[in-house]
Amino acid sequence: MNNNLCARNQSKTASGAHDNLGNVGGMMKHESREATNEQLSSRQCLLCGSLRHRVAFREFDIDILQCLECHHVFSSFAADPHYDGFWGAEVADEDHSYWRKARDRMYQDFLKKFLTSRSGRLLDMGCGLGFFVRSVARFANWEAYGCEISPAAVRYAREKLGLDKIICSRLEDVDLPPRSFNIITMWDVIDHILHPDPLLRRCHALLCDGGICFLRTPNVNIQLLKARINKLARGMQPNINYVQARDHAHQYSMSTIRKLLERNRFTRIEFVHLHPVQDPDGAALLRGAKNISFQAVRALAVISRGRLNFDNLFVVAHRGA
């Protein structure tokens, strides 16, 4: 399988500047049209294409919009669709407790539910520093791969964690054989993707029949509520996370993430519940309260037969019946 994991590196060449002053007017008109198209695109609903929306929340100078047709929530910020600068030019050699420890209990829930007593290949799309891939690699019956667009994060995963199956590329550009994975995971990735359909189509093509695509993404109903409470209580402050409008292109609900997955040929969309991100260095009392709250949220989802979900969205989408 390793021989097939060859990313196609695509280089972009910058066009030279025009010296002919006669071209300046045409260039300005072209740039104006591009800016107008970009502005329209940033305010067009991903799911239904509508330009009719209302402002659901305002984060500093950025509107969070809700489509009046299908109710999808998205940021009006014109983000770079291929942004790879989350980790910067180099990942600092430090503890990285949030990625190494705080998410471990959530990962262990996933491993127990989906990997124990099974075997196959798993691909973690947007694997970041690689800590989840390392967790999967400890299972003898599973081959664990990662795909990440940040060169700095990939270097960390390879050099610091010793992971040799990490691909540095967009998944859409990687030369992988169809139906080569049993599970594809995306932990807090899909909400950052400006145009997720090509990625989801690629995931569908790479999954074996009966395989699953697993996504974790914020639940818009909870995110907006928390953001509004924070804004009401403390106003707009730069050190508070509201909905992170510059980084989170889309905010999904159960119904909108279902629509997105179904139109990319996934079936049997299910929602599960895993433990929340922990604070291993925080107060034990607060940590305990957070986990009790999680148990209550999970119980409410069970009692309501999934209609009431106040958890993050942990989504299981199947390929095939």
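Start by selecting Arg170, which is partly exposed at a relative accessible area of 29% (buried means under 20%, exposed over 50%, and partly exposed in between, with a 1.4 Å probe and protein chains only). Before you click on, know that this is a predicted model, where local features need pLDDT of at least 70, side-chain atom pairs count only at pLDDT 80 or more, and totals for chains, interfaces and linings use all residues. Residues are numbered from 1 along each chain as its sequence is written, and side-chain values use heavy atoms, with hydrogens and water left out.

Next, pick Asp209 and Arg179. Their salt bridge has its closest N and O atoms 3.1 Å apart. Asp209 sits in strand β10 (residues 207–217), while Arg179 is in the loop between β8 (174–175) and β9 (181–187), so the pair ties together parts 30 residues apart in sequence. Strands here are DSSP runs (E, at least two residues), numbered from the N terminus. Asp209 is exposed at 54%, whereas Arg179 is partly exposed at 45%.

Then hop over to Arg100 and Asp95, a salt bridge with the closest N and O atoms 2.7 Å apart. Arg100 is partly exposed at 34%, and so is Asp95 at 41%.

For a last stop, select Arg43, Arg58 and Asp63, which are linked in a network of salt bridges. How many salt bridges are there to find by this rule? The count comes to 17.

Methods:
A salt bridge is a side-chain nitrogen of Lys or Arg within 4 Å of a carboxyl oxygen of Asp or Glu. Helices (H or I, at least four residues) and strands (E, at least two) are DSSP runs, numbered from the N terminus.
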